[in-house]
Amino acid sequence: MKAVVFTCCLGLLALAFYSGCKKELSLEMRGPIDSTDTTGNPQPVDTTQDTLNYQPTSAGSYWYYYPSNNPGQLYLNVVSTDRDTSFHNHSYHIFTLYLNNSNTTSYMRREGNAYYAAGGLFSGAQFTSAISSYLPQPLLDSLQYAEVLYLRSDLPDGSNWTQTQDFVYQSSSGVKVELKLDFNFTIQSRTANLLLQGNAFSNVITENITVNVQLLVSGVTLYNQSFTSTLLAANQVGIISFTSMDGTGQEIDLYNYHIN
């Protein structure tokens, strides 16, 4: 019964946007689209003397990820391009992702021990896939460029930080839609040396991620779902393992890679 009511509500939402009132769609984004550090610690200044790097960006570097229990089926291929771009007053390096038989773009930047990403695995679009067909395209487009502070490599075990992305959309007919993404990151542990899928990694950080997605229409919650993942990042390599946020909890591991 709940599923029927939920579907009907989303159907009404779709009608509100795409029938008689699809002339204009104004967008107001509330809250920061850049990441906010809630640990209370100052951001460290980047320095060329820092030997720890949890996201190499050298052009031509690549990473191949497979399900841990099915190394014959490619899950994700990431390639570092030779290009940068700028938005939100920051410069980002561009990566190409080959996922689900399609290409997409991911943007990453680093400030000392803080690592930021927009799009790709951290795009809000993947968390709203169950309701994406009911949302206006401007909303989905904006999710691609909403930044996430996904790693603080300087924090001790047990540290956590949060981030909220709050999007508000108003249709010409007065329908107000709010999409909230609440991120929570926790540093779980550090491992000096780790062997994974035949590859040796050093200075590995394990962190837990929880994302809560809430969709409200005129103040009424129509969708409220949480997703969890565990992510491992290794020095001089980047992300080496993560659990998918599609509800299956499937472990995805790095099998082959090359850093230029």
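Beyond the residues up to four places away in sequence, Asn77 touches Trp63, Tyr64, Thr96, Leu97 and Tyr98, a contact being heavy atoms within 4.5 Å. The structure is a predicted model, in which local features need pLDDT of at least 70 and side-chain atom pairs count only at pLDDT 80 or more, whereas totals for chains, interfaces and linings use all residues. Residues are numbered from 1 along each chain as its sequence is written, and side-chain values use heavy atoms, with hydrogens and water left out.

Asn77 lies in strand S3. Asn77 counts as buried because its relative accessibility is 8%; buried denotes under 20% relative accessible area, exposed over 50%, and partly exposed the range in between (1.4 Å probe, protein chains only). Strand S3 (residues 76-87) pairs with strand S2 (residues 62-67) in the antiparallel sense over four bridges, and S2 also pairs with strand S13 (residues 251-258), again antiparallel, over six bridges. Pairing requires that DSSP find at least two bridges between the strands. Trp63 takes part on both sides: Val78 stands opposite Trp63 in S3, and Tyr257 is the bridge partner of Trp63 in S13.

The chain contains three helices and 13 strands, taken as DSSP runs (H or I of at least four residues for helices, E of at least two for strands) and numbered from the N terminus. Of its 260 residues, 45% count as buried. Among contacts between residues at least 6 apart in sequence, 59% join residues at least 24 apart. Asn160 is found in strand S8 (residues 160-171) and, at 36% relative accessibility, counts as partly exposed. The chain exposes about 12,300 Å², of which carbon and sulfur atoms supply 50%, as computed by the Shrake-Rupley method with a 1.4 Å probe; for residues, only the protein chains shown count as cover.

Points are joined across faces, edges and corners, and a volume is the space filled by probe spheres set on the points. The largest pocket has a volume of about 630 Å³. Its lining comprises 31 residues, with Leu99, Gly120, Leu121, Ser123 and Gln126 nearest the centre. The elements giving two or more residues to this lining include helix H2 (124-127), helix H3 (137-143) and strand S9 (176-196); S11 gives the most, with four residues. The lining divides into 17 nonpolar, twelve polar and two charged residues, where Ala, Val, Leu, Ile, Met, Phe, Trp, Tyr, Cys and Pro are nonpolar, Asp, Glu, Lys and Arg charged, and the others, Gly among them, polar.

The second largest pocket holds about 170 Å³; its lining residues include Tyr75, Tyr98, Leu99 and Gln250. Five of the lining residues are nonpolar, four polar and none charged.

Gln55, Tyr65, Val78, Met108 and Ile239 lie nearest its centre among 13 lining residues. S2, S3, strand S4 (90-99), S5 and S12 each give two or more residues to the cavity lining, which divides into eleven nonpolar, two polar and no charged residues.

Conventions:
On a 1 Å grid over the protein atoms alone, a cavity is a set of points where a 1.4 Å probe fits but cannot get out, and a pocket is an open set with protein on both sides within 12 Å along at least five of seven lines; lining residues have an atom within 4 Å of a point.
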